[in-house]
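Please find below a colleague's note on the structure under review.

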Amino acid sequence: MRLARPRIIVTFLVLLGSLLALAAFADVPRRAEQLLARSDTWPKGSVVGIGQIRPGASPLESAANILSLYYDEGDDLIFRVSLVAPVGIHDRLNHFEREKVRAVLLLDEGAGRNSDLPAPLKGPAPFAWDRMLVLEPGADFPARLATSARDAGTPLGSGRAAFHLEQGWLAASLPRGTAAPKRAAVITFAHGRELDRLVAPLDGQRTAAYEANVAFMHFGNQGLTYSDVFHGRSGAESSSGFDEILRVHQARNIPVNIHLSGLLQSSAEWDARNGDPVDFNAWIRTGA
């Protein structure tokens with residue numbers, strides 16, 4: 001019994017230390033709270049890198065396709081990763097979480113203690129790095145901070161990470177390291193396979209970058225009697241009409257906001273009820 005008391009005291013101190021560490025991680029600055037909550041609070045100048053959109057990508061590849069990296073430096077280091085389609089454009093399934101995609105952020109903070117990619121990936125990292133942020137929604141600890149390639153990482157407080165996958169982005173707020181970060185690399189992977197990466201400078205070598213938002217608008221003529229905008233003009237059906245436009249959006253996995261006038265909705269409904277095998281109103285409703 002005399003030997004048990006010191007063990008109990010040591011265990012208590014270890015648990016207390018762990019709780020204090022977690023409490024420190026959970027103390028999120030006010031600015032970080034605002035940036036983690038809403039995408040429109042990020043200043044335009046916080047974009048530090050732009051990725052490439054892959055045409056003809058699978059739902060998994062689109063879910064892990066990095067669109068851009070944001071960085072804001074205040075009391076904390078705050079990063080935001082925008083993705084092309086973590087939630088499927090057609091099926092509305094959360095492929096990022098279903099396929100257990102992970103996004104890791106490698107930070108070069110001067111010492112460069114690690115030169116390898118994080119496990120289970122193999123090979124050299126894009127640069128020598130010091131700390132790694134792991135973002136894995138759906139995991140027991142969806143946000144973790146690690147210091148080596150094989151380190152599972154220390155969980156961040158729940159208030160330090162945000163997963164807005166329906167809106168196409170995820171973000172986290174990190175305590176400052178021993179030095180200001182010079183470079184960052186975002187890597188997404190699933191099933192042991194790297195899916196995408198983006199490397200961006202964070203110091204004076206940084207070049208101006210910005211994220212462009214594009215809206216696709218398609219106009220079609222309408223009439224009180226016959227309309228040729230659905231299947232195209234007579235003799236040019238394969239190169240005109242809304243059907244090709246909708247198929248392009250589906251094939252390229254590009255979101256589209258469609259405004260169909262009342263007359264065209266009525267015309268499409270009339271066609272569908274009178275033998276047209278393509279129900280355009282239903283097609284649009286199901287997420288073209």
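The points below go from the overall make-up to the sheet, the interior and individual residues.

1. Overall make-up. The model is predicted. Its chain carries 7 helices and 13 strands. Of the 288 residues, 40% count as buried. Where contacts link residues at least 6 apart in sequence, 60% of them join residues at least 24 apart.

2. The six-stranded sheet. An open sheet of 6 strands runs in the order β9-β8-β7-β4-β12-β13, and its pairing is antiparallel. At its edges are β9 (154-155) and β13 (193-201), each of which pairs on one side only. Within the sheet, β7 and β8 (residues 143-146) are joined by 4 bridges in the antiparallel sense. Valine 134 has arginine 144 in β8 as its bridge partner. In general, the strands of a sheet pair through backbone hydrogen bonds.

3. The β10-β11 hairpin. Strand β10 (residues 161-164) and β11 are antiparallel and share 4 bridges. Alanine 162 is bridged to alanine 171 of β11. The two strands form a hairpin with 4 residues between them, and glycine 168 in the turn has a positive phi of about 90°.

4. The cavity. How many cavities of 30 Å³ or more does a search of the whole structure find? The search finds 1, and the volume of the largest cavity is about 50 Å³. Its lining comprises 11 nonpolar residues, with no polar and no charged ones; among them are Phe79, Val104, Leu133, Leu170 and Val186. At least two lining residues come from each of β3 (77-83), β4 (102-108), β7 (131-135) and β11 (169-174).

5. Nonpolar cores. The largest nonpolar core has 34 residues, of which Leu69, Phe79, Phe96, Leu105, Leu133, Leu170 and Leu174 touch the most other members. Strand β3 gives the most to this core, with 4 residues. Apart from it lies another core, of 14 residues, including Leu121, Phe127, Met132 and Ala185.

6. Asparagine 65. Is this residue, asparagine 65, buried or exposed? Asparagine 65 is buried, because its relative accessible area is 1%, under the 20% limit for that class. Its place is the loop between α3 (59-64) and β2 (66-73). Setting aside residues up to four places away in sequence, asparagine 65 touches Gln52, Ile53, Arg54, Ser82, Leu83, Val84 and Asp196.

7. Backbone geometry to inspect. Most residues other than glycine have a negative phi, and most peptide bonds are trans. Arginine 92 sits in the loop between β3 and α4 (95-98) and is partly exposed, at 46% relative accessible area. Histidine 191 belongs to the loop between β12 (183-190) and β13, and it counts as exposed because its relative accessibility is 62%, where exposed means over 50%.

Definitions and conventions. Residues are numbered from 1 along each chain as its sequence is written. This is a predicted model: local features need pLDDT of at least 70, side-chain atom pairs count only at pLDDT 80 or more; totals for chains, interfaces and linings use all residues. Side-chain values use heavy atoms; hydrogens and water are left out. On a 1 Å grid over the protein atoms alone, a cavity is a set of points where a 1.4 Å probe fits but cannot get out, and a pocket is an open set with protein on both sides within 12 Å along at least five of seven lines; lining residues have an atom within 4 Å of a point. Grid points are joined across faces, edges and corners, and a volume is the space filled by probe spheres set on the points. Ala, Val, Leu, Ile, Met, Phe, Trp, Tyr, Cys and Pro count as nonpolar, Asp, Glu, Lys and Arg as charged, and the others, Gly among them, as polar. A nonpolar core is a set of buried Ala, Val, Leu, Ile, Met, Phe, Trp, Tyr and Cys residues joined through side-chain atoms within 4.5 Å. Buried means under 20% relative accessible area, exposed over 50%, partly exposed in between (1.4 Å probe, protein chains only). Two strands pair if DSSP finds at least two bridges between them. Contact means heavy atoms within 4.5 Å.
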